[in-house]
Amino acid sequence: MKQIIALAVCLGIITSVTGCKKTSESFNPLALLSVSTASAPEAPGAAIVTIGDTELTIDWAAVDGATAYEVWHSDTNDSATAAQHGGDIVGTSHVIDGLSNGAPRYVWLKAKNSVGTSGFGPVASGTPGPPAAPAAAILTPFSGEISLIWKTVANATAYEVWYNDTDNSASATQDGGDITGTSHTITGLSNGTPCYVWLKAKNVVGTSDFGSVASDIPSAMVPAPFVTGQTTCYDVDGNTIACAGTGQDGELLNGVTWTAPHFTDNGDGTITDSLTGLIWEQSPDTTAKTWAAALAYANDSELGGYTDWRLPNMDELRSLFGQYGQSAVHTWLNGQGFTGIQNARYWTGTTAPYSSDYSIVVHAEVGSMINWEKANTLRAILVCGFSNKLPKTGQTANYDITYPDDEDGDLELGVAWPSTRFTDNTDGTVTDNLTGLMWQQSPDATTRNWATALADANASTLATHADWRLPNINELESLYNAGVTPQNGWLNSLDFIGIQSGYYWTSTTYEGSASMAWSISMYLLGAAYGSKTNENYLIMVR
């Protein structure tokens with residue numbers, strides 16, 4: 001009780017108690033209990049910069065407690081060199097005028113009130129005037145067409161594509177209207193005639209001059225399968241053996257030879273595969289995503305200045321992960337300039353044709369291909385650009401309404417199939433007019449182990465040809481049509497006879513365990529490996 005009275009006395013509530021000295025000065029005892037909370041406002045967030053002719057319009061979100069703002073700007077990204085434009089601004093918008101078109105301008109904001117002024121907020125930037133001219137596009141020729149991809153230009157909102165059959169932009173023709181992405185295909189061209197292409201970038205202020213020219217020649221393309229990368233031969237127990245006379249993949253090395261170097265690091269977070277011409281994400285996100293989320297991830301990416309990233313279709317992803325001379329493909333790729341490719345399955349943009357709830361997926365370690373439910377979560381690696389070395393997959397249906405332009409069936413990328421895919425040679429053989437390969441028309445329904453399949457193919461003289469063989473994995477997979485199920489039903493509806501729905505042997509050994517070999521399903525889209533003593537079907541190729 002004495003303590004309470006003493007406190008009250010010292011606060012001036014009781015003044016007659018001895019021990020608290022009263023003075024003649026004015027005294028507000030409540031001031032001792034009052035603490036001021038007033039302070040300078042927080043720094044504003046980054047401004048939104050809108051391009052104008054010799055000016056930039058700056059807009060920003062209001063800051064709690066701020067009564068005015070300051071706008072600072074510089075021609076370098078260094079706030080220490082910035083100068084304030086105008087005085088205090090009571091709104092949340094301002095115009096910096098009198099600028100030079102084409103010269104970047106960096107902008108910072110401060111918020112203030114009666115107590116003080118904040119520090120600089122984050123930098124924003126813009127370049128007044130029309131955008132700069134684009135760099136030359138990357139061209140990919142096809143039959144009667146040229147596809148192109150290019151990098152974004154700062155402050156551009158759209159692009160124009162112009163072309164000519166001579167190196168003369170003055171007489172060039174614009175192809176289509178404004179393009180908001182960074183890719184386009186010019187159609188209706190003549191094979192064998194050069195095509196010269198220029199780009200212009202544009203925004204609300206105006207349109208740039210022509211960028212640098214690029215040129216190529218459209219021509220008919222034959223997307224023959226690539227070599228698999230396997231150069232060693234093995235017996236059924238997995239022992240290394242001499243290749244001569246085996247008919248194995250490692251002996252024959254059939255297919256289009258890899259170019260050197262295989263991959264080029266572009267220095268912008270992307271890698272170009274010189275074999276296919278495709279541009280890949282160098283360091284894919286390691287977070288597993290559903291198929292729809294992976295499509296969204298691709299749709300939102302602007303890596304390396306490109307805006308047309310996508311999930312690769314099954315042929316595109318197999319071209320990257322199908323390195324069958326490696327026992328751990330992801331490790332090999334991470335040694336070729338990629339970073340962080342996981343020992344895991346990766347999504348493709350190709351839907352399993354038997355069910356829209358499933359997608360085709362490829363394993364980055366071994367290159368196996370199976371069907372996987374889209375609601376599950378897997379990794380994704382993104383691709384952009386075009387390849388005239390890979391055919392269309394055959395898929396034409398759209399399975400996702402959220403991103404209707406990003407999946408295999410929408411894009412239909414690759415070399416177009418000939419109007420007559422197969423030709424019956426009327427001698428027990430069928431020629432694939434897409435790849436140029438000749439196939440056994442009516443394989444028997446007998447299953448064999450791998451060694452017997454190799455020997456039977458090597459010994460065949462069907463239609464008087466003595467060079468029949470067991471196809472490698474890339475060759476056999478070239479018969480796939482991602483628009484149908486089952487695969488054997490589709491083939492038998494054309495010029496083949498009696499293709500079974502089971503697995504067919506390839507001449508390619510599984511490098512991860514050389515007592516196993518690869519086989520291809522002729523029902524669903526799938527590539528798997530199994531013991532060489534297993535029983536699978538045989539179809540021959542030459």
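Is Leu253 buried, exposed or partly exposed? I started my notes there, and Leu253 counts as partly exposed, at 41% relative accessibility. The model I am reading is a predicted one.

**Entry 1, Leu253.** I placed Leu253 in the loop between helix 2 (249-252) and strand 17. I then listed its contacts, leaving aside neighbours within four places in sequence, and found Val227, Gln230 and Thr231.

I counted nine helices and 29 strands in the chain. For the extent of the C-alpha trace I noted about 125 × 75 × 40 Å along the principal axes. The radius of gyration is 34 Å, whereas a compact globule of 542 residues would have one near 24 Å. Of the 542 residues, 47% are buried. I looked at contacts with a separation of 6 or more, and 65% of them are between residues 24 or more positions apart. The chain exposes about 23500 Å², and carbon and sulfur atoms supply 50% of that area. For charge I noted 22 positive and 54 negative, with mean positions 11 Å apart.

How many of the seven residues of strand 3 (residues 68-74) are buried? I found seven of the seven buried, so strand 3 is largely enclosed by the rest of the structure. In a regular strand the side chains alternate between the two faces of the sheet. I therefore checked each face of strand 3 in turn, using under 20% relative accessible area as the cut-off for buried. Ala68, Glu70, Trp72 and Ser74 are on one side, Tyr69, Val71 and His73 are on the other, and both faces are covered.

I went on to the pairing of strand 3. Strand 6 (residues 105-112) runs antiparallel to strand 3 and is joined to it by seven bridges. Strand 4 (residues 83-84) also pairs with strand 3 in the antiparallel sense, over two bridges.

I looked up Thr127 in the loop between strand 7 (124-126) and strand 8 (138-142). Thr127 has a relative accessible area of 16%, so it is buried. Not counting residues up to four places away in sequence, Thr127 touches Ile51, Leu56, Gly102, Ala103, Pro104 and Asn155.

Thr272 has Ile279 of strand 19 as its bridge partner.

I listed the buried residues of helix 3 (residues 291-300) as Trp291, Ala294, Leu295, Ala296 and Ala298. I then asked what covers these residues, and the cover includes strand 20 (345-351) and strand 21 (358-363).

I took strand 25 (residues 429-432) as the reference here. Thr429 and Thr431 point one way from the strand, Val430 and Asp432 point the other way, and all are buried.

Strand 24 (residues 422-424) pairs with strand 25 in the antiparallel sense over three bridges. Within that pairing, Thr423 has Thr431 as its bridge partner. The two strands form a hairpin with four residues between them, and I noted a positive phi of about 60° for Thr426 in the turn.

Strand 26 (residues 438-440) runs antiparallel to strand 25, and three bridges join the two. Here the bridge partner of Thr429 is Gln440. Strand 25 and strand 26 also form a hairpin, with five residues between them, and Gly436 in the turn has a positive phi of about 85°.

Methods: Residues numbered from 1 in each chain as written. Predicted model: local features only at pLDDT ≥ 70, side-chain atom pairs only at ≥ 80, totals over all residues. Heavy atoms only, no water. Buried < 20%, exposed > 50% of the residue type's maximum accessible area, 1.4 Å probe, protein only. Contact = heavy atoms within 4.5 Å. Pairing = 2+ DSSP bridges. Rg over C-alpha atoms; globule rule 2.2 N^0.38 Å. Areas by Shrake-Rupley, 256 points an atom, 1.4 Å probe, with all protein chains shown as cover. Lys, Arg positive; Asp, Glu negative; His and termini not counted. Charge placed at Lys NZ, Arg CZ, Asp CG, Glu CD.
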